[in-house]
Amino acid sequence: MKAIVIEQYGGKEQLKEKELERPQISENQVLLEIHATSINQIDWKLREGYLKERLPFEFPIILGWDAAGVIAEAGEAVHDFKVGDRVFARPATTRQGTYAEFVPVEENLLARMPENMTFEEAAAIPLAGLTAWQTLVDVAKIKEGDKVLVHAGAGGVGNFAIQIAKSFGAYVATTASKENEEFVTSLGADLVIDYKTEQFEDVLSDYDIVLDALGGEVLEKSYQVLKKGGYLVSIAGMPSEDDAAKYGVNASSYWLEPQGDQLQELASLYEKGQLKPIIGEVFDLSEQGLQDAHALSETHHAKGKIVIRVK
């Protein structure tokens with residue numbers, strides 16, 4: 001199979017095209033023939049070597065943790081899916097990622113694609129969509145009427161978070177640039193704060209939930225807008241326990257847990273018209289395609305998801 005791999009840490013030029021053996025599967029896995037995958041910040045952070053302590057993989061590493069495609073083989077213990085099914089998944093975090101024509105995936109991580117969903121749309125959802133779902137639903141216990149602040153609403157996780165929060169009946173504020181105001185409003189944002197000209201902590205107060213995708217100063221200021229007992233969840237930094245105690249809020253950092261049943265929930269929202277994956281740019285599965293896709297992701301200014309078309 002064709003795959004794009006890295007054989008050492010470094011810049012985007014480390015992404016190299018190789019012919020590799022098709023992966024073997026265990027009894028509880030399927031072999032997914034990938035039609036599309038997408039780019040997440042974890043991809044280039046791992047490529048640069050920033051995550052080597054947390055994820056000490058041996059080289060060569062195939063990056064990528066979003067997959068949409070068709071099941072090519074099914075292990076003996078797989079019961080709910082069969083060869084030919086159209087599925088999408090956030091595969092387990094291994095060195096056998098999704099910048100490839102095939103990937104092994106555990107059955108419990110699979111979800112069925114709605115009939116009208118494209119492979120590109122399906123590939124855009126898993127990692128970012130599950131991160132948004134789990135931070136809002138599992139950690140922050142979102143409910144109807146909650147006031148939610150989503151930082152960087154035009155970004156990969158942010159655009160899903162706005163839509164998921166609205167599906168629960170929440171009031172959603174988001175930070176975005178003036179250029180993206182119309183975009184985040186179209187996703188359902190009730191209030192848009194231009195982060196270049198306004199300070200969100202001066203405008204907002206008494207919020208139930210803040211989802212932080214930026215870290216640093218944004219994370220430090222986010223305590224100020226929460227009500228007592230509110231939730232601050234960061235996917236970009238480690239909140240201070242002292243600050244959480246001072247403001248009387250629940251603060252935590254979050255690392256996604258792949259879950260097929262929750263992906264199926266997101267598919268259900270898609271079918272109801274409450275969730276639309278926003279695809280920014282599409283690149284091909286090639287050395288140049290992946291290098292260009294990484295370069296775009298590293299700008300932090302991609303709108304929606306960067307998708308890689310494999311088939």
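Between domain 1 and domain 2 of this predicted model, an area of about 930 Å² is buried, and carbon and sulfur atoms give 66% of that area. On the side of domain 1 that touches domain 2, the residues fall into eight nonpolar, three polar and three charged. The contact itself brings together 14 residues of domain 1 and 11 residues of domain 2. Polar links across this boundary can be listed briefly: two residue pairs are in polar contact, both at pLDDT 80 or more, while the number of salt bridges between domain 1 and domain 2 is zero.

Domain 1 is built from two stretches, 2–126 and 258–309, whereas domain 2 covers 140–253. The centres of the two domains, taken over C-alpha atoms, lie 27 Å apart.

Rolling a probe the size of a water molecule over the atoms is a way to see where empty space remains. The lining of the second largest pocket includes M1, V5, L20, E21, R22 and P23. Also lining this pocket are P60 and I62, together with R95 and Q96. Sorted by class, the lining has six nonpolar residues, three charged residues and one polar residue. Among the lining residues, E21, R22 and R95 are charged, and Q96 is polar.

Key: Residues numbered from 1 in each chain as written. Predicted model: local features only at pLDDT ≥ 70, side-chain atom pairs only at ≥ 80, totals over all residues. Heavy atoms only, no water. Domains from an automatic or database assignment. Contact = heavy atoms within 4.5 Å. Buried area = accessible area lost by both parts, 1.4 Å probe. Salt bridge = Lys/Arg side-chain N within 4 Å of Asp/Glu carboxyl O. Polar contact = N/O pair within 3.5 Å; in protein donor to acceptor, adjacent residues only side chain to side chain. 1 Å grid on protein atoms, 1.4 Å probe; cavity = no way out; pocket = protein on both sides within 12 Å on 5 of 7 lines; lining within 4 Å.
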